[in-house]
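My entries follow in the order of looking.

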Amino acid sequence: MAAARVRSGGRPTLEEVAARAGVGRGTASRVINGSPRVSAQTREAVEAAVAELGYVPNRAARALAGNRTDAIALVVPESETRFFAEPYFSDIVRGVGAALADTEMQLLLTLAGNDRERRRLAQYLTAHRVDGVLLVSVHADDPLPDLLEQLGMPSVISGRRHAAETLPSVDSDNFEGARAAVDHFISRGRRTIATITGRLDVYGAQRRLDGYRKAIATAGLDPDERLIAPADFSEEGGVRAMRELLERRPDVDAVFAASDVMAAGARHVLRESGRRIPDDVALIGFDDSAVARHMDPPLTSVRQPIEEMGRTMTRVLLQEIASRSSGDAARERPRIVLPTELVVRESS
């Protein structure tokens, strides 16, 4: 070990690590940079050489040589109000942070809820000031994903924009989650089942509505469009939608809300109108957030593994960045769908 340090002027070099491991310099670099394109045996040999020599990567030199910043951006194209009101976003951030904990990557959180913020973000990304982007809560007409593709920026999207999404994506099974919620209502004898949707320019909200409709059709129930009320994932949206539903169909006996936050708004209106939950109207939300557990009565909700989505998105993005660095950008782009689970509580 001492001899190696003398040869390199006191500090082990990447070439010495490669020689000690019996591999080429490029292979040693891929291991140190976290590329998945090496065998387990090679990785072990390089890591052993790093430990034996006491090699410490020069992050500044590595970033400069590879045109790297050692930073990724988590971009949420929503307003600050919605970001802090919805537990979904904090859970995503927690998952992303957990996945980055053992890396040298820095996380930049960016909200882009208006045109000015989006223009500023576009300029920032065009300057390649980050190595990759995590996109959360993207709407169908958002131009940002297309800009990222034009820039060749490694990116992963949480929730596809549409069925033919071209970016690597991580999502929960919105369709099956919604269908399970409505099937639960039907198994409990409910027949006039309404839904409060999220914004339908969000693909996940469309899929939850599709799951609702599929369960209604399979059960042979009346597919009454008056039982479908659009909202925007906010508590205020849940309040407005529930009032509309009661005006159209005062005989409603179950409501599936496409988020726990909207379910909280619906509960307020139901109680205001004298309906008991679940005796008169059963209620189910989506997310299984802290909101669901702390409601009175506790809310039945579709659990989506939000933190795991954040972790998985980050792992996929790090693999995409490593693949671009090693010249393997043509590999298949992953589309990962994580399972959901209905958590039954007193509200249904």
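**Backbone spots**

I found His-128 in the loop between helix 8 (115-126) and strand 3; helices (H or I, at least four residues) and strands (E, at least two) are DSSP runs, numbered from the N terminus. His-128 is not a glycine, yet its phi is positive, about 55°. I note that this is a predicted model, where local features need pLDDT of at least 70 and side-chain atom pairs count only at pLDDT 80 or more, while totals for chains, interfaces and linings use all residues. Residues are numbered from 1 along each chain as its sequence is written, and side-chain values use heavy atoms, with hydrogens and water left out.

I then looked up the cis peptide bonds. One runs from Ile-277 to Pro-278, with omega near 5°. Pro-278 sits in the loop between helix 13 (260-272) and strand 9 (282-287). Another cis bond joins Asp-296 and Pro-297, with omega about 0°. I placed Pro-297 in the loop between helix 14 (290-294) and strand 10 (300-303).

I traced an open sheet of six strands in the order 2-1-3-4-5-11, with parallel pairing (two strands pair if DSSP finds at least two bridges between them). The twist averages 15° from one strand to the next. Strand 3 (residues 132-136) pairs with strand 4 (residues 155-158) over four bridges, and Val-136 stands opposite Ser-158. Helix 9 (residues 144-151) lies across strand 1 (71-76), strand 3 and strand 4, at about 165° to strand 3. For this I used axes fitted as lines to C-alpha atoms, for helices over the stretch in contact, with angles from 0 to 180 degrees between N-to-C directions; contact means heavy atoms within 4.5 Å.

I traced another open sheet of six strands, in the order 7-6-8-9-10-12, with mixed pairing. Strand 7 (228-230) and strand 12 (341-343) are its edge strands. Neighbouring strands here are turned by 20° against each other on average, direction ignored. Strand 6 (residues 193-197) and strand 8 (residues 254-257) pair in the parallel sense over four bridges, with Ala-257 as the bridge partner of Ile-196. Helix 12 (residues 235-248) packs on this sheet, touching strand 6, strand 7 and strand 8, and makes about 150° with strand 7. Helix 13 also packs on the sheet, touching strand 6, strand 8, strand 9 and strand 10, at about 155° to strand 9.

**Helix pair**

I checked helix 10 (residues 174-187) against helix 11 (residues 203-218): they pack at about 35°, with axes 7 Å apart. The contact includes Phe-175, Val-182 and Ile-186 of helix 10 and Arg-207, Tyr-212 and Ile-216 of helix 11.

**Cavity**

How many cavities of 30 Å³ or more does the structure hold? I found one. On a 1 Å grid over the protein atoms alone, a cavity is a set of points where a 1.4 Å probe fits but cannot get out, and lining residues have an atom within 4 Å of a point. The largest cavity has about 270 Å³ of space; a volume is the space filled by probe spheres set on the points, which are joined across faces, edges and corners. Its lining has 24 residues, with Tyr-88, Ser-137, Val-202, Arg-208 and Phe-233 nearest the centre. Helix 11 gives the largest share of the lining, four residues.

Technical notes:
On a 1 Å grid over the protein atoms alone, a cavity is a set of points where a 1.4 Å probe fits but cannot get out, and a pocket is an open set with protein on both sides within 12 Å along at least five of seven lines; lining residues have an atom within 4 Å of a point.
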